[in-house]
Amino acid sequence: MEQTYAIELHNITKRFGSVTANEKVDLEVKKGEILCLLGENGSGKTTLMNMISGIYYPDEGMIKVDGREVRIRSPKDSFDLGIGMVHQHFKLVDILTAAENIILGLPGKQILNMKQVNKEILELAVKYGFEIDPKKKIYQMSVSEKQTVEIIKLLYRGARILILDEPTAVLTPQEADRLFEVLKNMKKDGCSIILITHKLHEVLSVSDRVSILRKGLYIDTVKTSEATVESLTEMMVGAKVELNIDRPEPVNPVKRLELKNVTCKDINEVVTLDHADLTVYGGEILGIAGISGGGQKELLEAIAGLQPVSEGSITFYPEENQSKEIANLDVADIRALGVRLAFVPEDRLGMGLVGSMDMTDNIMLRSYQRGKSNFLDRKTPGELAQKIKDQLEIVTPSISAPVGQMSGGNVQKVLVGREIAQKPKVLMVAYPTRGIDINSSYAIYNLLNEQKKKGVAVICVIEDLDVLLELCDRIAVLCGGQITGVLDGRTAKKDEVGVLMTKHEKGGVSHE
Amino acid sequence: MNKEPMFHMSKRESITLGKRIMIYVAAILLALIVCAAVIVGLVHMNPLGVYKAIFDGALGSSRRIWITIRDTLVLLCIAVGLAPAFKMRFWNIGAEGQVLIGGVVSAACMIYLSDKVPNVVLILLMLAGSAIGGLIWGLIPTFFKAHWNTNETLFTLMMNYVAMQVVTFCICFWENPKGSNSVGIINQATQAGWLPSVAGNAYFWNVVIVTILTVAMFIYLKYSKQGYEVAVVGESDSTARYAGINVSKVMLRTMAISGAICGIAGFILVSGSAHTISTSTANGRGFTAIIVAWMAKFNTFIMILIAFGLVFMEKGATQIASQYGLNENASSIMLGIILFFLLGAEFFINYKIERNRK
């Protein structure tokens, strides 16, 4: 049966300098269909979607909308064709209400009839099953509400083809389920949805078909009903990958770090970490779960000496019967105390590394002060850089190339490699595998396990609950700056964690 | 019907040195062609004649060559002083004021101490005093930024006007002859406090001081631990804190060095060439030096070339003004055109333009 596609891409090629981001990609989305676009980071998904939404222009190839060939040269062209994209980072004006954001930039009459607008928005919400208050201001909203506003904004403008870029990365499992319900309603109404995601179980549960990209190449499109996690992974990575993360039993755990009543405030005196109590043992991996902005960043930064602590104590135990208080000390002070604390921050190139410097200069970032000389010793860090490059198989032309030009996975290997080379007693990693391909991710999980076996206390913040439940010995859940529970990683269930991620109540701490 | 765009640009990953030089040469040639068109179009003169006059003005005689060198050295000295500040992304547009204060301190020493201490001691006192003056002038805005996060761009700019008022105030006391509202040549008879000529060359010490500063700053930025800290702070505050660097301390230290070198530039101006002080002693060099520092990407050796190029054009301008009766602004237009093309060349070094394939 002949069917017109909502949108068709033929032979699309896009190059950036010598890098080919997309090569001869074909993609078709039917009306009333959810298509998942699957691929590792750097496989060209976002580039492809940016060409549909008018941010880039393809070097070669053809785009058809409703069977007609079109040229999309700007985001406006894309809007006019009924295409809308929800980006990972929301583009909303904080001090305006939902309704004001939705009509922002739309042509209209001189006199605004907000009542009418609110009514239309509520009609849309009822039709697709959203929950929204059009009069609520954006800054009062949760992440999931903001996402709803973004989606309604597109529908209000008459978009019939919606692109969602990793929409569930910021949501709890429960919120994600609700989003999928809405997407299914939209599909029934004849909308076409392109969903970009990494999470295979989501692909299998909501999509009709899956298109797979690998290293910029179009691999295949398969029916979801005929796909399995294994078959999709194989297509995505190009080889069979062992998906089990090793979890050795902790050997002889000793108390290494103790947080008592730790409270942090931001510059506006808003509490970001609320009386957190936590004990960390050497030889185990402690996972931190929570929705983004739940206090994970503050927790790690408070321990690392990058965040002032307004209340409470952070005690480090180098040996039994010895203790050192490190709350409110800065990085240099902590180092001077002889506390070997390694930290892989979330913002790799904004905090952990200097993008414009080469590997050698980055390797010495945390150790350049050593020695009495006023001049830099580049020989030792240079040798270490070469060693890290060889051991972790970092792909870069040489150790004197700027790290900012490396791919995300290699950047992270440089950072983790440097921190581990300090032979830490406590290793903290924030989102260690965000934006990193599957092979590199597993390499990094293995590195964490190695450290654990060496007796290092490993603390890691990971957003993917599946990974967290497979990797960690214990999981502490944060919500709104409070630790709402500490679970055993071997027995905890995903929905248990999900509930704790949204549980707002005073004194909800349940230590084992 | 929408048409496909003809060209698109993309970022270069790397560029060979040869290609980089070719782009600059092409930019200068294009700039000269445009200048020629402007000259012919506006004043109907032979552009080649005008170019020759520019060359003569800058390098036409031994005396002119030395004046060009002298002014290049001052501009270079200020740019060397600005290099660490801008590398730290501290927008120090107060070099003008730091130079003036250095100059005022030098002049004060010359006026008040010339008959009290031997000449060598006097000159060393002037050098140290001007460096301290510039240092303090640089530290004031930095202190406020470090403690209350004030905006250094506005603050350093305003400090320029304060420095000018300080000079105006001093001129009231130092007027010579009375009523001239200017200081005149200080110690003309004794030449006390003047950098002495060596083997008949009045600018020997200027060359020595600026060369030492240029080489030292190159080594400081590239090989010292403090230079490394400057680079890290310039990239990102949070990276610096993460590395255990005390950002305020590095900021204060770096601006102390930056201000001191700018103050020394004031000393060189007063002691080594002008032998007087006025509100226009710095004459906009504090701003021009920013262009020198940035275009050289803080490499002090490349700054020598750029400073020379700018002074060359400035001297040439004065020459065409007198030889052809053109207003001096004519050369400002030419300098503007050349800078426009040189800065534009940066774009072609970072990006390439490709034709879209059909």
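In this predicted model, Trp205(B) touches Leu195(B), Pro196(B) and Val198(B), leaving aside residues up to four places away in sequence. Trp205(B) belongs to helix H7 of chain B, which spans residues 204-223. The side chain is not fully hidden: with a relative accessibility of 34%, Trp205(B) counts as partly exposed, because that value falls between the 20% limit for buried and the 50% limit for exposed residues.

Most residues other than glycine have a negative phi, and most peptide bonds are trans. Against that background, the loop between helix H5 (119-148) and H6 of chain B contains Asn149(B), which has a positive phi of about 55° although it is not a glycine. Asn149(B) is exposed, its relative accessible area being 61%. Further along, the loop between H6 and H7 of chain B holds Gln191(B), another residue other than glycine with a positive phi, here near 55°. Gln191(B) counts as partly exposed, at 42% relative accessibility. The loop between helix H6 (152-174) and H7 of chain B is also where Pro177(B) is found. The peptide bond leading from Asn176(B) to Pro177(B) is cis, and its omega is near -10°.

Attention now turns to the interior. In soluble globular proteins, nonpolar side chains tend to be buried together. The largest nonpolar core here has 152 residues, and the members that touch the most others are Met186(A), Leu232(A), Leu257(A) and Ile459(A). Helix H6 of chain A, residues 173-188, gives the most to this core, contributing 6 residues. Apart from this core lies another, made of 83 residues that include Ala58(B), Trp137(B), Leu269(B) and Val270(B).

Beyond residues up to four places away in sequence, Leu232(A) touches Leu38(A), Leu200(A), Val203(A), Leu204(A), Val210(A), Ile212(A), Val222(A) and Ala227(A). Leu232(A) sits in helix H8 of chain A (residues 229-237), where it is buried along with Thr233(A), Met235(A), Met236(A) and Val237(A). The buried residues of H8(A) pack against several elements of chain A, namely strand S3 (33-38), helix H7 (200-206), strand S9 (209-214), strand S10 (217-223) and helix H15 (438-453). Just after H8(A) comes Gly238(A), with a positive phi of about 95°.

Helix H6(A) also has a helical partner. Two packed helices are described by the angle between their axes and the distance between the axes. For helix H5 of chain A (residues 143-156) and H6(A), the axes come within 11 Å and cross at roughly 10°. H5(A) is therefore roughly parallel to H6(A), since angles under 35 degrees count as such. The crossing of H5(A) past H6(A) is right-handed. On the H5(A) side, the contact is made by Ser144(A), Gln147(A), Ile151(A) and Leu155(A), and on the H6(A) side by Glu175(A), Arg178(A), Leu179(A) and Met186(A). Sorted by class, this contact has 4 nonpolar, 2 polar and 2 charged residues.

How values were computed
Residues are numbered from 1 along each chain as its sequence is written. Chains are lettered from A and ligands numbered from 1 in the order in which they are written. This is a predicted model: local features need pLDDT of at least 70, side-chain atom pairs count only at pLDDT 80 or more; totals for chains, interfaces and linings use all residues. Side-chain values use heavy atoms; hydrogens and water are left out. A nonpolar core is a set of buried Ala, Val, Leu, Ile, Met, Phe, Trp, Tyr and Cys residues joined through side-chain atoms within 4.5 Å. Buried means under 20% relative accessible area, exposed over 50%, partly exposed in between (1.4 Å probe, protein chains only). Helices (H or I, at least four residues) and strands (E, at least two) are DSSP runs, numbered from the N terminus. Contact means heavy atoms within 4.5 Å. Axes are lines fitted to C-alpha atoms, for helices over the stretch in contact, and angles run from 0 to 180 degrees between N-to-C directions. Angles under 35 degrees count as roughly parallel, over 145 as roughly antiparallel, 65 to 115 as roughly perpendicular and the rest as oblique. A crossing is left-handed if the near helix is turned anticlockwise from the far one by less than a right angle, and right-handed if clockwise. Ala, Val, Leu, Ile, Met, Phe, Trp, Tyr, Cys and Pro count as nonpolar, Asp, Glu, Lys and Arg as charged, and the others, Gly among them, as polar.
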